[in-house]
Amino acid sequence: MAAPEFDFVIVGAGFGGIGAAIELRRLGYDNFVILDREDDLGGTWHVNHYPGLAVDVPTTTYSYSFEPNPNWSRLYTPGPEIKRYAADVADKYDVRDHMRFNTVVTGARWDDETNTWQVALESGDPLSTRFLITATGFLSQPRMPDIPGITSFEGRVLHTTDWDDDYDAAGERVAVIGTGATAVQLIPELARRAADLTVYQRTPIWVVPKIDVRFGALARRLFARVPATQRAVRAVTDGLYEFLVYVGVLRYDSVGRLNGAARLLAGAHRFASIRDRNLRRKLTPDYEFGCKRPTFSNSYYRTFTRPHVHLQADGIDRVEADGIVNADGTKTVLDTLVLATGFDLWEANFPAIEVIGRDGRDLGKWWRDTRFQAYQGVTVPRFPNFLSLASPYAFLGLNFFNTMDYQMRHMDRLFGELKRRGATTFEVTEKANARYLDQMTELLGDSLFTVGDCASARSYYYNPAGEATLLRPMTTRAALREASTYPVTDYEFA
Ligand code: NAP
């Protein structure tokens, strides 16, 4: 029997794929390839480059724990710096040479005869590999709104994930559809240039003030020369975020309802920014703070007070060749339509490619026929030698890097055991998977998502069946502990 071409195929060259590759190198593997449909690494930070893009978690926290970056220019760093960080880390850990770009993976199938994964590509021959890791991210499939007539619009259409860097809104009549985290960053930038800007809001978003600081040359030198200082800042930002998620989301029912204070803060922010009571009312969410990801901005609310910026909260009836007909019958004539409509999470991304495991089990179909589930947010029964990093119950609160940290630790324990036993395949048991799903269901019972008033939030934390299956409802510390101590007997090795 011919040996598989690779020990590992990783799908996705964002921070997930880079982290997995670093872990593989630590474990002593070198025969792996990282495939990505884009023409460069960085995942979401490569694809997104709209004006105003910046991280919305302090960058002291938003980085690999083992690779602090003393060069961040601010606490909330602009997008291009994060893309540069991804490239620097990939170079430093020698994983860039393993990357193949412009390579679209269409699916993967487990072959029981050869104990390999056959990975199908859009062009070229399939690849064979012993292990498969999908690191396709949670927010990677842009959502195109199915508004009547939208394809008949004859002006320029820009989705925020496909921004034209040469585009200048100067003098134009522009509309933005969507008021999520992306729109909150983009709208103030567009308002600076556009002659007329109309924002179509379906669901208002919670916005609190952004307490940002610049890291001057002195601070950066200090971070570089005395890494403990940056670690100390990270401990503060990590701790603060962890506390907010724990009290405001995870233990909403039993510990406390800090969300009231956050609501007050957002209300005060609106009050300080906007005099018009009617406008403030329209921008006020009617669901609990935290049901969907809240945002930070010091300019978003104020932008709506400018005379050439209009909020349309009554809805869209249809799009025509030259503009949008509003639900109230009025028409907004446009040059450019900006779609800040986010991502298809559950329909197109779970999983992002077709994955067929043992006995022909189709991962997407199985998740939909039963429940969305993955042991420790990483592995799935009947899918041997497969790690799915963008899984149900995988994402830890607000920070992708904490998620990556525990997933790398999980890999370390799993592949360490595989090597110790001289085994070639692993598969999580149905029993362990069911136990984890029960644990997640129980923990969620105490959370904002179950107890809070989230019905009108339209939050992507919920799947179409109404279950909040995106977040792993526990602290980073608990997830790291589980990743280091889970019983290895939760896996069958062969
Ligand atoms: P999003 O939060 O899903 O927001 C999409 C917006 O488009 C929502 O306001 C949604 O309204 C609206 N929309 C979608 N389809 C529509 C339709 N057919 N008609 C009218 N409105 C429609 O997406 P996002 O703003 O791109 O943000 C996604 C996530 O990316 C954030 O939560 C955050 O985690 C991440 N993000 C991070 C950063 C950062 O770190 N710098 C920046 C941006 C984004 P409904 O709410 O009514 O559905």
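## Close-up views of a predicted model

**View 1. Two arginines sit over tyrosine rings.** Arg413 lies over the face of Tyr486, at 5.2 Å from the ring centre. Arg472 does likewise with Tyr406, at 4.5 Å from the ring centre. For a charge to sit over a ring, NZ of Lys or CZ of Arg must be within 6 Å of the ring centre and within 35 degrees of the ring normal. A word on what you are looking at: this is a predicted model, where local features need pLDDT of at least 70 and side-chain atom pairs count only at pLDDT 80 or more, while totals for chains, interfaces and linings use all residues. Residues are numbered from 1 along each chain as its sequence is written, and side-chain values use heavy atoms, with hydrogens and water left out.

**View 2. Tyr486 again, now in a cluster of rings.** Ring pairs link Tyr486 with Phe8, Tyr29, Phe131, Tyr375, Phe415, Phe426, Tyr436, Tyr491 and Phe493. The structure holds 44 aromatic pairs. Rings of Phe, Tyr and Trp (its six-membered ring) pair if their centres lie within 6.5 Å; planes under 30 degrees apart count as stacked, over 60 as edge-to-face and the rest as tilted.

View 3. Helices (H or I, at least four residues) and strands (E, at least two) are DSSP runs, numbered from the N terminus. Phe449 is buried at 8% relative accessibility, and Tyr462 is buried at 16%. Buried means under 20% relative accessible area, exposed over 50%, and partly exposed in between (1.4 Å probe, protein chains only).

**View 4. A disulfide joins Cys291 to Cys454.** The structure holds 1 disulfide, a term for a pair of cysteine sulfur atoms within 2.5 Å. Here the S to S distance is 2.0 Å. The torsion about the S-S bond is about -75°, so the disulfide is left-handed. Cys291 lies in the loop between helix 8 (277-282) and strand 11 (295-296), and Cys454 in the loop between helix 14 and helix 15, so the pair ties together parts that are 163 residues apart in sequence. Cys291 is buried at 0% relative accessibility, and Cys454 is buried at 8%.

**View 5. Helix 12 and its two ends.** The 22 residues of helix 12 (residues 400-421) should span 32 Å at 1.5 Å a residue, and the end C-alpha atoms are 32 Å apart, which agrees. That expected span is 1.5 Å times one less than the number of residues. At the start of helix 12, a side-chain oxygen of Asn399 reaches to within 3.0 Å of the backbone nitrogen of Phe401. Just after the helix, Gly422 takes a positive phi of about 65°.

View 6. Around the ligand are 25 residues, the closest being Ala54, Thr182, Thr203, Lys292 and Tyr460. A residue is near a molecule if one of its heavy atoms lies within 4 Å of it. An oxygen atom of the ligand is 2.7 Å from an N or O atom in the side chain of Lys292. For the side chain of Tyr460, the distance from a ligand oxygen to an N or O atom is 2.7 Å. A ligand oxygen also lies 3.0 Å from a polar backbone atom of Ala181.

Definitions and conventions
A polar contact is a pair of N or O atoms within 3.5 Å; within protein, one must be able to donate a hydrogen and the other to accept it, and residues adjacent in sequence count only if both atoms are side-chain atoms.
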